[in-house]
Amino acid sequence: MLIASEHQEEAAEVLKRFIRMYPEDASVFKAKEQLGDIYDNTGKYKEALAVRNSLINSVEAGAAMDSLLYKRGSDYIRVGDYTQAIRDFGRIINHYGSSGFKNESMYQLGYIYSLKGEYRRSLKYFEPLINLKGDLNLKEKAAFAAAAVYFDIGDYVSAEKYFLLLTNNGSEGSLKGAATLNLGRIKYKQQKYSDAYDYFIKVRSLPVGSGDRAEAVYWAGWSRFRTGDFVSAKKLYLEV
């Protein structure tokens with residue numbers, strides 16, 4: 001299928017030609033939805049916004065409105081228009097309470113406010129998601145985001161609580177490795193260097209990026225250095 005292939009630009013041209021030639025066809029709405037998705041996939045977010053604006057303003061939007069608002073809000077984030085993104089995600093939460101996009105919209109609002117430096121406000125959106133039933137991926141993302149916010153504002157006790165949640169729930173994903181690395185950072189800041197070392201060294205066996213693994217080994221070395229174990233510190237530095 002053309003749209004599912006790697007030939008995204010070609011697919012976009014086919015869809016645009018269809019839309020121009022058959023503007024009254026019943027399939028135009030679906031064609032525009034697909035065109036907006038292709039623009040997202042190819043990084044053409046302003047073009048995606050133009051398509052989704054036309055869809056949202058059409059009489060056919062109806063049942064697809066929550067999906068369109070979510071996608072448009074996501075595009076607004078990508079182009080840096082946080083005010084419009086907040087409006088779209090807020091509209092989903094306030095007017096489409098049973099929507100499958102409600103919880104993701106809450107996460108996106110938390111994300112926006114954290115980007116804006118409104119950390120306490122972001123927590124009002126992240127923390128309720130952590131206790132949701134189901135959707136483990138969203139719960140973990142929200143827990144990590146809340147922990148990162150608490151870390152940034154210096155509340156290491158609350159940050160540790162949420163990072164520990166990610167390491168104790170059996171998850172083997174990349175967030176577990178990142179959470180373990182951050183637990184090491186917390187312990188290091190608290191000058192609990194032996195505990196910090198234990199967390200940093202665990203990261204080596206977890207699925208994390210090479211940069212995070214190297215950082216963990218580096219700080220494991222510093223943790224050993226702080227406890228006076230210079231031989232172990234040297235060995236760890238040589239691993240980096």
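These notebook entries record what I looked up in a predicted model of one protein chain.

**Entry 1: the chain as a whole.** I began with the secondary structure and found 13 helices and zero strands. Read from the N terminus, the order of elements is α-α-α-α-α-α-α-α-α-α-α-α-α. I then looked up the radius of gyration, which is 23 Å, whereas the globule rule gives 18 Å for 240 residues. The chain is therefore more spread out than a compact globule. Along the principal axes, the C-alpha trace spans about 75 × 40 × 30 Å.

**Entry 2: burial and contacts.** I noted that 43% of the 240 residues count as buried. I also considered contacts between residues at least 6 apart in sequence; of these, 40% join residues at least 24 apart.

**Entry 3: one helix pair.** Two packed helices are described by the angle between their axes and the distance between the axes. The crossing of H7 past H8 is left-handed.

**Entry 4: the residues between H7 and H8.** On the H7 side, I listed the contacting residues, among them Tyr 119, Leu 123, Phe 126 and Ile 130. On the H8 side, they include Leu 138, Ala 142, Ala 146, Val 149 and Tyr 150. Arg 120 and Glu 127 of H7 also take part, as does Lys 139 of H8. By class, the residues of this contact are 12 nonpolar, one polar and three charged.

Note on methods: Residues numbered from 1 in each chain as written. Predicted model: local features only at pLDDT ≥ 70, side-chain atom pairs only at ≥ 80, totals over all residues. Heavy atoms only, no water. Left-handed = near helix turned anticlockwise from the far one by under 90°. Helix = DSSP H or I, 4+ residues; strand = E, 2+ residues; numbered from the N terminus. Contact = heavy atoms within 4.5 Å. Nonpolar A, V, L, I, M, F, W, Y, C, P; charged D, E, K, R; others polar. Rg over C-alpha atoms; globule rule 2.2 N^0.38 Å. Buried < 20%, exposed > 50% of the residue type's maximum accessible area, 1.4 Å probe, protein only.
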